[in-house]
Amino acid sequence: MVSEAERHPLGVFECELCALTAPYSYVGQKPPDTQSVVLLEESYVMKDPFTSDKAGFLILGSCCSLCGRLVCVGPECSLFYSKRFCLPCVQKNISAFPQEIRQDLEKRKVLSKRPSSQPSSQ
């Protein structure tokens, strides 16, 4: 039987940076049909369309803890470091983040600049 949330999404999530859109069925930290899952942030969630498991879900995104912008969890748009941060806020406040986060962001820059025709070095 299909739940009410699956039949009637609450709305459409839209990332303010990349414009990703997806219907969401829940906003909060305890997705429905899960018993022991508690998310570390208030998140926009949808039922996982790739599984028949009714407890399966996908986290779409959350609000940036600094500017409040709604951003997806994609690595081009945000990162989670105890809280969700959009990448523009991370760049503005880069000195407040640990060295490991700065190194990770540098790796992301290098990977995103590589032309898609160039093979990876892995």
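The following conversation looks at a predicted model of a protein chain and at the reasons behind some of the terms used for it.

Student: What secondary structure does the chain have, and in which pattern along the sequence?

Tutor: The chain has three helices and eight strands, and read along the sequence these follow the pattern α-β-β-β-β-β-β-β-β-α-α.

Student: Why is the pair of Phe85 and Phe97 called edge-to-face?

Tutor: Ring centres must lie within 6.5 Å to pair, and planes over 60 degrees apart count as edge-to-face. The centres of the Phe85 and Phe97 rings are 5.1 Å apart and their planes stand at 85°, so the pair meets both conditions and is edge-to-face. By this rule the count of aromatic pairs comes to four.

Student: What parts does the pair of Phe85 and Phe97 tie together?

Tutor: Phe85 lies in strand E8 (residues 84-86), while Phe97 lies in the loop between helix H2 (87-92) and helix H3 (99-113), so the pair ties together parts that are twelve residues apart in sequence.

Student: How do you know whether Phe85 and Phe97 are buried or exposed?

Tutor: A residue is called buried if its relative accessible area is under 20%. Phe85 has a relative accessible area of 10%, so Phe85 is buried, and Phe97, with a relative accessible area of 6%, is therefore buried as well. For the chain as a whole, buried residues make up 31% of the 122 residues.

Student: Which residues touch the most other members of the largest nonpolar core?

Tutor: The largest nonpolar core has 14 residues, and those that touch the most other members are Phe13, Cys15, Tyr24, Tyr44, Leu60, Cys72 and Cys86. Strand E2 (21-24), strand E4 (43-47) and strand E6 (70-72) each supply at least two residues of this core, and E6 gives the most, with three residues. A second, separate core of seven residues includes Leu79, Val90, Phe97 and Ile101.

Student: What makes Phe13, Tyr24 and Tyr44 a cluster?

Tutor: Phe13, Tyr24 and Tyr44 form a cluster through the ring pairs that link them. Leaving aside neighbours within four places in sequence, Tyr24 is in contact with several residues, among them Phe13, Tyr44 and Leu60.

Student: What share of the accessible surface belongs to carbon and sulfur atoms?

Tutor: The accessible surface of the chain comes to about 8200 Å², and 55% of this belongs to carbon and sulfur atoms.

Definitions and conventions. Residues numbered from 1 in each chain as written. Predicted model: local features only at pLDDT ≥ 70, side-chain atom pairs only at ≥ 80, totals over all residues. Heavy atoms only, no water. Helix = DSSP H or I, 4+ residues; strand = E, 2+ residues; numbered from the N terminus. Buried < 20%, exposed > 50% of the residue type's maximum accessible area, 1.4 Å probe, protein only. Areas by Shrake-Rupley, 256 points an atom, 1.4 Å probe, with all protein chains shown as cover. Phe/Tyr/Trp six-rings, centres within 6.5 Å; stacked < 30°, edge-to-face > 60°. Core = buried A, V, L, I, M, F, W, Y, C linked by side-chain atoms within 4.5 Å. Contact = heavy atoms within 4.5 Å.
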